[in-house]
Amino acid sequence: MLSDLALEAGASPVAHSGSADALGARSAAAECGRLYPARIADGWRDATGALVRIRPIAAADAELIRVFVHSLSVETRYLRFMAAVKQLSPQLIDRLTRLDHRRDAALIAITDDAGEDRVVGVARYALNADGRSCEFAIIVAEDWQGRGLGRHLLTLLVETAVARGLERMDGEVLAVNRTMLAFVRALGFGVSASADPATRRVHLGLDRRPAFA
Ligand SMILES: CC(C)(COP(=O)(O)OP(=O)(O)OC[C@H]1O[C@@H](n2cnc3c(N)ncnc32)[C@H](O)[C@@H]1OP(=O)(O)O)[C@@H](O)C(=O)NCCC(=O)NCCS
């Protein structure tokens, strides 16, 4: 899993170009859209027909992300960030929303909740220093888990990485996170030991079409 708390501490090698600032918001969104599979714009519906809109994350999503993370249970926050975090600092939220989409990728899933936008999932990856592999993370709101949204988001993320010519997608998952380990196994990832006995490395070769696409 992408270690966002390490990232906050400045340990990430990921570049921060600020290109989205330089472009107008509209042209940035248009440029951004071209970097992702077109079918993202179709959104996704669960078995009841409830619509989820999906698009690349943007700096303007900072408040939505703050509310989303704050709404999660202590356990879910721990599983996602691998640390006991109550809320994210403004600096980390900025890093998670203001991406260089030519290098990294992040998709945000949004529903309509009584006329208000509500985040129900985020899937992201950061390009590794080798330029050929990436480190991913995913989260789905508790009341949306088990409905297929995670599968759809991760499928879109894998398609994005494949389209950009990446060779491998990696992640780090807490060993106690049985749900995530079952989830990635179901989607074709391998699971192996990590240097830290509290975590597992998960990995997917992208040189073939993923079985779940
Ligand atoms: C892991 C997570 C992203 C899965 O998302 P989700 O939307 O609930 O998953 P889906 O409904 O798309 O499930 C896809 C497949 O994963 C497997 N799966 C999902 N939840 C499972 C569970 N609790 N137990 C066993 N298998 C499970 C199943 O094979 C499922 O396919 P099926 O429904 O056809 O059986 C979600 O549980 C989550 O956000 N967890 C908390 C945050 C976290 O741990 N993130 C990982 C750190 S990077």
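Tutor: The model is a predicted one, and in it 23 residues lie around the ligand, of which Q145, G150, R151, A182 and A186 come nearest. Sorted by class, this shell holds 12 nonpolar, 8 polar and 3 charged residues. The elements α5 (74-81), β5 (133-140), α7 (149-163), β6 (168-174) and α8 (178-186) each supply at least two residues of the shell, and α8 gives the most, with 5 residues.

Turning to α5, its buried residues are R77, R80 and F81. Viewed down the axis of α5, these buried residues fall within an arc of 80°, so they line one face of the helix. An α-helix has 3.6 residues a turn, so residues three or four places apart point the same way. Just after α5, M82 takes a positive phi of about 55°.

Strand β8 (residues 199-205) has a covered face made up of R200, V202 and L204, while T199, R201, H203 and G205 make up the uncovered one. In a regular strand the side chains alternate between the two faces of the sheet. Strand β7 (residues 190-193) also runs antiparallel to β8, joined to it by 4 bridges, and A193 has R200 in β8 as its bridge partner. Together β7 and β8 form a hairpin, with 5 residues between them.

Conventions: Residues numbered from 1 in each chain as written. Predicted model: local features only at pLDDT ≥ 70, side-chain atom pairs only at ≥ 80, totals over all residues. Near = placed C-beta within 6 Å. Nonpolar A, V, L, I, M, F, W, Y, C, P; charged D, E, K, R; others polar. Buried ≥ 20, exposed ≤ 12 C-beta atoms within 10 Å, placed from the backbone. Arc of directions from axis to C-beta. Pairing = 2+ DSSP bridges.
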